[in-house]
Each structure stands twice: as C-alpha cells, then as structure tokens.
Amino acid sequence: MSRKHAFQFLDLPRTMPQRIPVELRTSGDWGELYGKFGKEDAQFQAGRCLDCGNPYCSWKCPVHNAIPQWLQLVQENRIHEAATLCHSTNPLPEVCGRVCPQDRLCEGSCTLEEFGAVTIGAVEKYIVDTALATGWRPDLSAVEATGRRVAVIGAGPAGLACADKLAHAGVQAVVYDRYEQIGGLLQFGIPSFKLDKAVISRRRNVLEGMGVQFRLGVEIGRDISVDQLLAEYDAVFIGTGAYRYTDGGLLGQDLKGVLPALPFLVQNSRIVGGSDAHGRPIAGWEDQIALPDLEGKRVVVLGGGDTGMDCVRSAVRLGAAKVTCAYRRDEANMPGSAREVANAREEGVRFLFNRQPLSIEAGADDEVIGVMVVETQLGEPDAQGRRNAVPIDGSESLLEADVVIIAFGFSPSTPAWLAAHGVEAGQNGRIVAGGAGRLPFQTAHPRLFAGGDAVRGADLVVTAVAEGRDAAASIVQLVTA
Ligand SMILES: Cc1cc2nc3c(=O)[nH]c(=O)nc-3n(C[C@H](O)[C@H](O)[C@H](O)COP(=O)(O)OP(=O)(O)OC[C@H]3O[C@@H](n4cnc5c(N)ncnc54)[C@H](O)[C@@H]3O)c2cc1C
C-alpha cells in the first residue's frame, strides 16, 4: 500500500488488534489479550508513519530498532526483509512486540502521539509472527565458525539475546538454566495473557536451528561450578536476573493469606501457562507456595509496577470477587504500563492511589482481615527524581481483604560463587560490569561478562535484550582477538 497523502494519519486512526472480550477475561480466559493484525490492518498502521527525519521512536527504543524502515517494508508487503531488519537490532522482537511498555518507549515518542501514535508494537508482532509462520529463519549461511565456545548462564531475555548474537558471530553458545524451560521471567513471571508460552517454545526452535545449545535443569553454583565453565569455555556470560524479593517489612506479612508476588505468578504459570517447570524453588524462597483458592475472595495487591498489574489481572482470572491495587504515589507516578492499568481497570480492578500500607491485620483466627493504610501526598523528589510519598497523619483506615499479594519489586544478588572469582557486588546486590579499563559488560574477571536484571536491577525485557546483545559484542571481541 502506498502512502496516499501527507495527512493520511488524520484519516486513518490508530487502532490496536482486537482484544478478548472482557466477559471472557473476567471468567477465567488466560489467552493472550491482544489478537493479531491481518495484512491490511498492519499496512494501514504502518502507512500512518510520517517517516519523520528524526525518528524519536527509534532513539527512545533501548535496542534502537529501525522502526520507520521496517514500517515501510510492511507497507510494501516485504515481510521477510522486515523480519531480518527487526532481528538485526533485537533478537527477541516478537516478545518485545507483545510485552514492551510501548506507551513509555517507541509509541510514547512517536511524532503522532497527539493524534494517536503508530501502533508499533502490534506491527512488530505481526512482522515476526508472519515471517516465522511462512518459513523465515535467521540466515547464518555466511557465518564462519570461529571455533570459540561461550557458556551463557540464564535463559532469560539477556541470555537468549547474547546467545543469538554469539551464533551470528560464529561462536558456539551453550545456555544453562536451572529450569527445564527457557525464557526466565518470560516463562515464569509474565502471565500467558500478556505472552503466550508457545511464543517462547517457537523461539527456542529458532535458536536451536541457529546452533545454540541448551543445558536445562542445571543450576550453576550447585550442579556445575563456574570453575568448570571457565575450564570448558572461552568466556562466560551471566544473565541470572533479579530474584531477591522486597517484602517491605510490614507487620503481619507472614500471616496466612499473604503471598509474595513472584511465587504466586510462578505457581499460576505452571498451572495455566501450559508449561511444566523443573519443580525446584526459585532461589531465595525455600518452598513453593500453595496457591490459595481466590474464588469469591477480596484480594488486595500492594505495589503499582508491572508485577502488581500481573497480580491483579491474574487474581481477576482466578475468580476473585473484588481486586484492589493500592499504590503509595499517584497514578502519574505509577511505574506500571498505562496500557496494563487500563486493561486492569476494564477487568474490574479498583485502584487506590496515595495509599501507603502500614501493616497487615489479622482477625481472631489469625486469618488476614485487611491492610492498614495511610493516605499520602507527594513531597520532595528522592535521589532518582521521584517525588516521595509523605503520609498524612490521622488518615489511617483498614482496607478489607482476605488475601494480600505483596508486589514491591525485586533486586539482584551477586552469588557467592561469583564473588569467589573477584566479581564485585555493587549497589543493591547488582553485579558490577563494565567501567574504566574493561570491555562493556566485562566484570572484574576478564572472562566473565554480565548483563540484564542481574546488572541493572529489575527492569524490562527490552533492556535485558539490549545488554545481552551488546555483551555478546564484547565477548566476541575478547575471544576472537
Ligand atoms: C511479574 C513480572 C512481570 C513483568 N512484566 C514485564 C513486562 O510486561 N514488560 C517488560 O518489558 N518487562 C517485564 N518484566 C521484567 C522482565 O521480565 C525482566 O526485566 C527480564 O526478564 C530480565 O531478563 P534477564 O534475562 O535479565 O533475567 P530473567 O528473565 O530473570 O532470567 C534469568 C534466568 O537465569 C536463570 N538463573 C538464575 N540463576 C541461575 C543459576 N545459578 N544457574 C542457572 N540458571 C540460573 C533463571 O532461572 C532465569 O531463567 C516483568 C517482571 C516480572 C517479575
């Protein structure tokens, strides 16, 4: 489809693919919320791109996707070329098309934002799903094997992106993960209504087709030592994520009926995500939690990030009668994606902003009866520039609940087996990588590299992908020097 006139974007509104009707979602449908664009819809949306000389969308994207260029290829129905271009910057484009907070990244920076940004994420998903379904695969025919081998610890987005780029450089990548499935939080954290688990299995086939090997159900530091990896491989990439749970230290957090967010989501994904994990507890938690029956219950989720949004929407699908998200700042300062907040609202979730939890309260039988909260107002900005939530004296009240889910976030923790090799732990448990005198993503040990949440702290899929990708470039530089 060729562009009709310069103001075509005014005639053609922004549209998203159709969504599963809300009645189905609230009665327990775990399918991916957004459907897929057909060729016409994708071409219409791609045709809205102004191809502005200064593509802020691309600049704002952490992997700097060539967005205007692949939108042009979609208009010309050159989908395999578009897929090649998508993969040149992003080894997991179909995942990012689904889970990136586009409203804060590419689409939020689109010149057309005021009129309705180009639907970039959905077009990205269309390109890659269509290309893979019609036989497109990364072309490694011109790649020459270097004879070098690199171990990747962690099959999350950072590890997978690293393995992909190593394969493109002729380096044999062998990916280890303690779980039997690849994907990290894509598999076990992010619910299937945001990311269908079949997408991850398909990506595994693509990567294996490129020669990437997986050694799953193997925990480094327990089943195999990092010394063994250093003896067997030319270098090692560490993409172990951030799994140290922030509990907030609330009085009553150990009560029956109080659940930490990630074990709640992990247990769910095992049951409804169609995947069967290795069965080992996630590091940092001794036991798997027993998933309570939420049918007819009042659920309060504490925390306003992506994890909180996934918890509230999972609780809706598990039949909770009333789901409330309490967040200590206002809506504008909430970290969760605005799109996910809108979806949650549509599914009946109630948001209470400017409420800070003080304690979790129990009744006579030690069962949770609610969360004591205090109202807040925004005060001075903190070190990161975010305005602090300041409690308002005398505004305490009880938010009634049968189940409370704590979703305050996660931090990395540098494992002891890395410290033994001189790898430094930085602020808040982050692995220190890069810096003066080192290659980007190289740790204090010259053959150990690290990236993703383990280095940045809990962040986004696309930033983990960017770091895994760029760490691979440093590794290739070292091992082929
Ligand atoms: C509930 C939830 C929802 C989220 N939703 C979104 C979203 O919608 N959009 C978005 O962009 N981001 C989202 N995120 C964030 C995103 O998932 C992470 O930033 C991203 O997955 C980080 O990638 P990673 O590869 O660094 O780590 P991970 O995905 O955590 O992968 C690390 C892998 O390392 C493995 N591992 C750890 N230690 C070892 C060891 N010793 N031996 C072997 N294997 C090991 C783990 O098993 C895991 O598979 C969400 C996070 C959570 C928790």
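Me: What covers the buried residues of α5?

Reply: Start with the terms. A residue is buried when its relative accessible area is under 20%, exposed when it is over 50%, and partly exposed in between, using a 1.4 Å probe and protein chains only. Contact means heavy atoms within 4.5 Å. Helices (H or I, at least four residues) and strands (E, at least two) are DSSP runs, numbered from the N terminus. In this case the cover includes α3, α4 (56-60), α6 (79-89) and α8 (120-133). The model is a predicted one, in which local features need pLDDT of at least 70 and side-chain atom pairs count only at pLDDT 80 or more, while totals for chains, interfaces and linings use all residues. Residues are numbered from 1 along each chain as its sequence is written, and side-chain values use heavy atoms, with hydrogens and water left out.

Me: Why is α5 described as largely enclosed?

Reply: An α-helix has 3.6 residues a turn, so residues three or four places apart point the same way. Helix α5 (residues 67-75) is largely enclosed by the rest of the structure because seven of its nine residues are buried. The buried ones are Ile67, Pro68, Trp70, Leu71, Leu73, Val74 and Gln75. Just after α5, Asn77 has a positive phi of about 55 degrees.

Me: Which residues of helix α15 are buried?

Reply: Read this as before, residue by residue. In α15 (residues 338-346) they are Arg339, Glu340, Val341, Asn343 and Ala344. These pack against α2, α7 (93-99), α14 (306-317) and β9 (350-352). Gly348 follows α15 and also has a positive phi, near 100 degrees.

Me: Is Arg25 buried or exposed?

Reply: Compare its value with the cut-offs. Arg25 lies in helix α2 and counts as buried because its relative accessibility is 2%. Leaving aside residues up to four places away in sequence, Arg25 touches Arg19, Ile20, Leu33, Val316, Arg317, Asn343, Glu346 and Glu347.

Me: Where is Lys36, by comparison?

Reply: Lys36 sits in the loop between α2 (22-25) and α3 (39-47). With 57% relative accessibility, Lys36 counts as exposed. Its contacts, again without residues up to four places away in sequence, are Pro17, Arg98, Lys125 and Asp129. Lys36 and His445 are 409 residues apart along the chain, and their C-alpha atoms are separated by 45 Å.

Me: What joins the side chains of Asp459 and Arg456?

Reply: A polar contact is a pair of N or O atoms within 3.5 Å; within protein, one must be able to donate a hydrogen and the other to accept it, and residues adjacent in sequence count only if both atoms are side-chain atoms. Here the two side chains are joined by such a contact of 2.7 Å. Asp459 is in the loop between α17 (453-456) and α18 (461-479), and it counts as partly exposed, at 36% relative accessibility. Asp459 and Gly409 are 50 residues apart in sequence, with their C-alpha atoms 9.9 Å apart in space.

Me: How many helices and strands does the protein have?

Reply: There are 18 helices and 16 strands. Of the 481 residues, 56% count as buried. Among contacts between residues at least 6 apart in sequence, 70% join residues at least 24 apart. The C-alpha atoms fill a box of roughly 70 × 60 × 45 Å, taken along the principal axes.
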